[in-house]
Amino acid sequence: MSSLPPEASTALITLLASLTSADNAVRSNAETSLNEEWIAQRFEILMVGLAEQTVVASEPSVRSFAAVLFRRIASKQPEGTDNITSRMSDQLSESARATVKSLLLQALNNESVNDVRHKISDTISELTIGNNDRWPELLEFLFNAAKSPVAGLREACFRIFASTPDIISKPHLPAVAEIFRAGFHDPDQDVQISAIVAYTALFGTLPKSSWPTLQPLLPDLLNVLPPLNTPDNTEKLTNALTPLIELASFAPKIFRPMFSTIIEFGISVMKNKEMDDTTRESALELLTTFAEETPGMSKKEPTYASSMVVQLLAMMTEVGEDDDEQATSWREDDDLDNDDADSVHVAARQSLDRLALKLGGNVLLPPLFQWLPQMISSANWQERHAALMAISSFAEGCREVMIGELSKVLDMVLPLMQDPHPRARWAACNAVGQMSTDFAPELQRDFSARVLPALIQTLETPEPRVQAHAAAALVNFAEEAEKEWLEPYLDSLLSHLVVLLQSPKRYVQEQVLTTIAIVADAAETKFAKYYDTIMPILFQVLQGDMGKEYRMLKAKCIECSSLIALAVGKEMFAPMSAQLIHTYAAIQQGIVDTDDPAASYLIQAWGRVCRVLGADFLPYLSGVMPPLLEAGKLEPDIQVIEDAAEAEQFDQEGWDVMPLQGKHVGIRTSFLEDKCTAIELLSIYAAELGAGFEPYVAEVLNDIVLPSLNFFFLDNVRFASAQALPHLLACVKASSNSNPAKLAEYWRAVVKKLLDATSSEMFVEMLTALYQSLYQCIETVGVNCLTQEDMANFATSLESNLSNFLTRVRQRDTQDDEYEEYDPEDKAEDAIADEELASEMNKAIHSVFNAQRSSFLPTFEKVIPLLTEFSSRVEVECREFALCVYDDLIEFCGPDSWRYKDMFLQPIAQSLMDPDSTLRQASAYGVGVAAQFGGEPFSATVASVIPTLFQVISVPDARSEENVHATENASAAIAKILRFNRTHVANVDEVIDAWITTLPIVNDEEAASYAYSFLVDLIEAQHPAVSKHAQHIVESVKKATEQNAIMGATAERVKRAVNL
């Protein structure tokens, strides 16, 4: 009996038939009826009716369509809601939902057509998402379905488990484990594969404490794979390997007991050319994932590196197999990014790169160089090509081991730049280009005489693709080269590049323009000699009326001309500046297509011209700003994709698709870089033009920069926004039209946003940028710029972030657990990121103390417990952080800081003789500021540490690069004690006599300035120690002035005092 009134049931059947009609008009009317009548007015009748049709419709196509349509409507975002994760299915009443659930389970149980069964399974999975009500009947149904004699129903069980693993709670795990075990031993391979997919999905949702329940099933799972390793089952094997890649990414160490077997199996799949490329690449990805996630386990397995290297090199020879021996198709293909025919080669190359980064040269280079020499000298061009591309791939990861063998590697690579085969020459250019990046600057410094002539000669090769790649390699070389290394080759290089500007291939011309631009940027003023030759050529293109296909060429000319202007400087560029600016303006006005690359290239070019001309650029600013402001205001373009099948096929260029609570969200990413660039350039304009940029500050600040601090679609946009804030405030402060009220208004908005951001940000690198922006803004705005509320919020953010910092430090101290491995390189990178954060937080605290002095103390007390813990840690970065805070506390609060002596006196005293020089430096500086600013409370204490300060100065290698700053700060501290606390110093004259011998101070400018000023005081007072050490004093002053440790008025005063 139907759940619907007869007329509704009949109308729905008619609607479904019309929606699948071949007649466009009928189908269009039906879609209108569906949206405006059924969904808008009869929603529950529609959904119950669709569920019913999955049961009662006689035609499989109708049952299938009803399930698909139900799912599509259920997942839609209801009109009038802003939450993209909300669903129409959430609006079903309790009774309608119960009816729908019952019908769908009945449909799944009755269905005999597997494809329709899949559709119904997916619809059931959709109904479990987005609502909080339980569906115990579903779990009971699935437990029974797993034991069904119908293979399709067993498969459906795992299909639903895979889509909705969170319906399984901890008490169900033992029973579910047995279901999975049966699934892995199922006689039907489709059921086995579905069980693997579901197992991985469930594993990913469980806490690690529950993993032991499922881990014993892994051998059963892996036994599914060998029977699939046949050409007839290649697609099934791919479907089985894909979830295992995901499992290896988050729980790699569960594979440890059978790791060698997995390696052997994966290599066997990779070797088998009868399998589909996708299958072979899936096996490769699985084995590569182990290196990335568990490099330690991969290094310890004896067969891993050698087996992978041999097979990767073999796969990298699979190139050009669909082409003739002369590579005719490759040479004639103008799509330089087209490597679809060589997908196995590309996958192997990328895998080798990833392995090198994780395993390093000590592990990979021995097996690699067992094969590379014979491949380089092979008569087979594919082997030579593979060897060269391998060098390109592993160079970065093996840098530390290879850097001392660069000459030998170049002996292998450079001769092949004249190889008989064009693709081998191309690969040689690729290797040199990659090495120029990975081994910079050593390669440029030591081997310019070998590399540059070889690249320049390769520009003469007859194949345009090789010419362009040689020019691209020159970009890599020049980006990391000093102008002195380039200068001897500029004549030959630029004459060759100018010739190639006449190439019939547009991609060659475009690459050559980029190369000229980068060479100019590197050569700087050395490029002036070629300015009059190159610029007229560029003007011809810039001012020419060319077709749409030449838009990128013109854009490259814009880039090239602006970089040349930046290279040669204002004096040479000024006579031509007006002409170039008017040319740029004409191009900008002529842009009509949103995808014209000239628009984004012009934004960058205007910024370079501004940097060259400085304030002289102001007259042109009004013409430059509109497109820049428009780009800065770009908002994310988001498209909700509610159908999973549609999401899989959503392959629009410039878009990224990500899953979100059962839906998929498409985000257009192509514009994000333009937004980032615009904000960076607005920051440049503000920095370069100062007060002249002030009229734009309000719009830039309120409409672009402050909102973009929350632009979570691209972190670089947030970084650029944080970096722009101090420059914008400086514009307002510098403007003659400004007043304190306007600066205060802008500052209120900025400080609130920054303090809110630092309180909630979890991304360490971004948090670092926020604190940097905060302290720079405080320094810009000046003294007493913070309210009590600001200081309280600042202390709150510090408390939170210092706690998080300590948590991360403790995590790095813990050993790896049984399931995951904390890669030492990742650990080191994380530690560096935290050190940079600590440095910026130190500077922020410094700026707040500097601006607010003792008024900050009441809120500062909130972080004292954390500072005490930092002081007691063994990690240098923790103790250094605390010492720097203590130094600022004493320096800016003077005698008021004495009340906290129990917190800081012991850490400072203990650190004076610490083995770590950074701690000795920080504590010596603290003693110095205590002597200078601490007043009477500190006098006796600082005087008592003079002997210890002399010990700091007397450590072995006290003047070495590592120790010299600690030594010089200790010397300056003694000078400050003698100056401000002399009455508490016993044997003052003896101390002064000994102190003079601690000079010179030539590295630390702040310490030098104070120490030499005190020395002048002694000279003017005719202290007896001065004449005793006259020669030493003169020599130390000479060294300090020669090395610019003292400059300006201080230097002049000191030189006069010693008659220099």
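Q: Is Cys 398 buried or exposed, and with what relative accessible area?
A: This is a predicted model, in which local features need pLDDT of at least 70 and side-chain atom pairs count only at pLDDT 80 or more, while totals for chains, interfaces and linings use all residues. Residues are numbered from 1 along each chain as its sequence is written, and side-chain values use heavy atoms, with hydrogens and water left out. Buried means under 20% relative accessible area, exposed over 50%, and partly exposed in between (1.4 Å probe, protein chains only). Cys 398 is buried, with a relative accessible area of 0%.

Q: How many disulfides does a search of the whole structure find?
A: A disulfide is a pair of cysteine sulfur atoms within 2.5 Å. Cys 557 is in no disulfide, as the nearest cysteine sulfur, that of Cys 560, is 6.8 Å away. For the whole structure, the number of disulfides found is 0.

Q: What share of the residues in the protein chain is buried?
A: The chain holds 55 helices and 3 strands, taken as DSSP runs numbered from the N terminus (helices H or I, at least four residues; strands E, at least two). Of its 1060 residues, the buried share is 55%.

Q: How many residues apart in sequence are the parts tied together by Glu 463 and Arg 425?
A: The two side chains meet in a salt bridge at 2.2 Å, N to O; the rule asks for a side-chain nitrogen of Lys or Arg within 4 Å of a carboxyl oxygen of Asp or Glu. Glu 463 is buried at 12%, and Arg 425 is buried at 7%. Because Glu 463 lies in the loop between α25 and α26 and Arg 425 in helix α24, the pair ties together parts whose separation in sequence is 38 residues.

Q: Which helix holds Asp 834, the salt-bridge partner of Arg 812?
A: The side chains of Asp 834 and Arg 812 meet at 2.9 Å, N to O. The pair links distant parts of the chain, 22 residues apart, with Arg 812 in helix α41 and Asp 834 in helix α42.

Q: Which helix gives the most to the negative patch?
A: The patch includes Glu 400, Glu 765 and Glu 829. Patch residues have over 30% relative accessible area and no salt bridge, with like charges joined within 9 Å and nonpolar side chains (Val, Leu, Ile, Met, Phe, Trp, Tyr) within 5 Å. Glu 829 is exposed, with a relative accessible area of 53%. With 5 residues, the leading contributor is helix α42.

Methods. Accessible areas come from the Shrake-Rupley method with a 1.4 Å probe; for residues, only the protein chains shown count as cover. Lys and Arg count as positive and Asp and Glu as negative; His and the chain ends are not counted. The place of a charge is taken as NZ of Lys, CZ of Arg, CG of Asp or CD of Glu.
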